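Please read them with the structure open.

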Amino acid sequence: MYKLEYSELLGRHVRKDDWKDLGVPTWRLIKQALSDRKRNQGLELLDNLFREHGCLDVVDRLNKCLSYIARNHGEEEVAKALRWWQATLQKAGDVVSSLNLEELIQYQAEELRFSFTGSGGRGSFNVAEEKDRYVFSLDPCQVGRMRRIKKINPSFELDTTKEPHLWTWGKADVPYYCARCCIWWEIMPIEEKGYPLRVHEYPDDPEKPCLTIYYKEAEGIPEDYFTRVGLNKKVSKIRGKRSDKGS
Amino acid sequence: MIRLERSSTLGRRIRKDSPGRLGVSTWNLLEEAILEGKWERANEIIDYLYVGEGKTWHDLNNDFWAALISYVGHSFGEHEVEKMWREVFASAIFGPTALTRTPSAKERVYAAAEIWRAHYVADGQLRIEEKEDCYVMTLSPCPTGGRQRKEGRLKPPYNLGKTSQPYPWSWSRSNIPWYCTHCAIVQAGAVPIESFGYPIRVQEYPEDPEDPSCRIIFYKNPELIPEDYFKKLGYQKDPSKFKIMK
């Protein structure tokens with residue numbers, strides 16, 4: 001049986017079960033509550049699971065890792081580190097580049113929901129289907145939330161680029177973690193397939209949403225999205241239809 | 001309406017809603033299903049939330065984290081590993097919810113258990129027992145560094161790094177994954193010893209490098225921590241320098 005009690009240490013409730021129960025995953029307890037048709041218990045545990053989910057500060061620590069690299073070894077090393085890991089994942093058989101557009105959107109939407117996007121951090125965002133593209137409006141994305149905190153509290157630790165780089169869309173003052181979106185989903189796919197898997201409208205004002213955009217046809221992606229990252233749009237190099245599988 | 005279907009490419013279930021619905025929070029959908037008493041639907045959603053939307057992405061992020069320390073170690077030398085972890089994890093020792101904020105080992109165990117559950121331990125992988133002088137957490141396997149070892153992340157093509165020789169920050173052992181050394185440096189080692197005179201917890205990394213398990217021990221009183229745990233981290237146990245964590 002679980003026991004949710006206040007923790008002075010954490011300033012909120014935490015599971016203080018008997019020792020034999022404390023290692024049981026909370027989702028398992030939720031499944032038991034569902035099986036027993038215990039609505040209030042299910043809701044209480046769901047609320048607890050959400051707090052658990054947020055206790056690791058994963059993106060904050062990843063940004064700190066990238067900040068360490070920039071501070072001690074130069075900002076260009078951030079781009080190299082990100083490129084190295086994405087290339088490694090591809091060598092290991094990462095599925096992203098083999099997904100058609102529909103699957104890619106479903107897969108990456110999953111990560112955005114995982115990542116505390118939107119109001120209350122519950123993993124929600126707006127999707128608008130336009131004639132030629134899908135526009136995800138992340139208000140905010142996970143790093144965007146940190147940018148908003150920093151705007152109110154300047155002592156909040158969130159290191160950003162000191163110089164503009166092609167891998168930060170030609171902008172300075174971009175959190176290092178955001179370079180991942182530019183390098184992994186724009187630059188490396190252009191180099192490999194001839195077009196970005198998705199493009200981003202990074203807002204200078206953190207109060208505005210970050211837009212993640214998927215074009216339905218690669219040929220329809222405006223040239224600006226190539227040139228701003230220092231690359232050219234070469235229609236002849238675009239490999240495969242976005243609705244096709246594989247490359 | 002949520003559409004959970006199997007993806008042959010991913011080899012698991014994924015939300016295949018219309019694009020306009022993909023941004024609806026799965027947490028909210030689960031909450032709605034529970035409120036409406038749609039028990040089977042809720043059961044399907046919690047399975048997906050945990051495995052698909054949770055563990056999959058947790059593990060990818062966890063590998064990314066290990067990748068960044070490996071990039072630094074491979075590119076700039078192994079000594080950088082200790083330096084980077086000290087900086088990146090400073091808030092785990094000195095931050096507002098750091099485990100050092102309470103003198104109670106029991107309270108630390110409750111908070112630490114939550115952290116391990118958040119790392120997506122599966123059924124039966126985390127066991128906690130109270131002994132006369134301590135609380136013992138057994139992770140079998142550890143869902144972070146242990147999972148990386150078990151899933152071959154220290155081998156090609158990933159090549160995540162491990163210590164080439166014994167260091168105080170690797171429990172005086174070689175072949176310790178650089179990722180795992182954050183435990184030796186931060187919670188179970190150098191940083192709290194330097195600040196408070198003793199570690200928040202001690203750790204028994206397995207003897208067999210292929211073994212993905214780990215044991216974490218919270219002593220009820222720092223004076224009960226065996227001297228050996230200090231020595232293998234390069235420190236002397238000196239109770240006259242102990243400060244109360246709070």
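1. In this predicted model, 14 residues of domain 1 of chain B are in contact with 14 residues of domain 2 of chain B. On the domain 1 side of chain B that touches domain 2 of chain B, the residues divide into five nonpolar, six polar and three charged.

2. The bounds behind that count come from the domain assignment of chain B, which gives residues 1-76 as domain 1 and residues 78-241 as domain 2. Between the C-alpha centres of these two domains of chain B the distance is 28 Å.

3. As for the overall make-up of chain B, its secondary structure comes to nine helices and six strands. Its C-alpha atoms fill a box of roughly 65 × 40 × 30 Å along the principal axes. Of the 246 residues in chain B, 47% are buried. If one takes the contacts in chain B between residues at least 6 apart in sequence, 52% of them join residues at least 24 apart.

4. Helix 3 of chain B spans residues 79-88, and five names can be checked there: Glu80(B), Val81(B), Met84(B), Trp85(B) and Val88(B) are buried. These residues lie on the same side of helix 3 of chain B, because they cover an arc of only 130° around the axis.

5. What do the buried residues of helix 3 of chain B pack against? Within chain B, the partners are helix 2 (39-76) and helix 7 (181-185).

6. The contact between the chains takes 63 residues from chain A and 61 residues from chain B. On the side of chain A that touches chain B, the residues divide into 34 nonpolar, 12 polar and 17 charged.

7. In chain A, four strands in the order 3-4-6-5 form an open sheet with antiparallel pairing. Strand 3 (126-129) and strand 5 (199-201) of chain A are the edge strands, each pairing on one side only. From one strand to the next, the twist averages 20°.

8. One residue pair to inspect is Val199(A) with its bridge partner Ile213(A) in strand 6 of chain A. In general, strands of a sheet pair through backbone hydrogen bonds, either parallel or antiparallel.

How values were computed. Residues are numbered from 1 along each chain as its sequence is written. Chains are lettered from A and ligands numbered from 1 in the order in which they are written. This is a predicted model: local features need pLDDT of at least 70, side-chain atom pairs count only at pLDDT 80 or more; totals for chains, interfaces and linings use all residues. A residue is buried if 20 or more other C-beta atoms lie within 10 Å of its own, exposed if 12 or fewer, and partly exposed in between; C-beta atoms are placed from the backbone. Helices (H or I, at least four residues) and strands (E, at least two) are DSSP runs, numbered from the N terminus. The arc is that of the directions from the helix axis to the C-beta atoms. Two residues are in contact if their C-beta atoms, placed from the backbone, lie within 7 Å. Two strands pair if DSSP finds at least two bridges between them. Axes are lines fitted to C-alpha atoms, for helices over the stretch in contact, and angles run from 0 to 180 degrees between N-to-C directions. Ala, Val, Leu, Ile, Met, Phe, Trp, Tyr, Cys and Pro count as nonpolar, Asp, Glu, Lys and Arg as charged, and the others, Gly among them, as polar. Domain bounds come from an automatic or database domain assignment.
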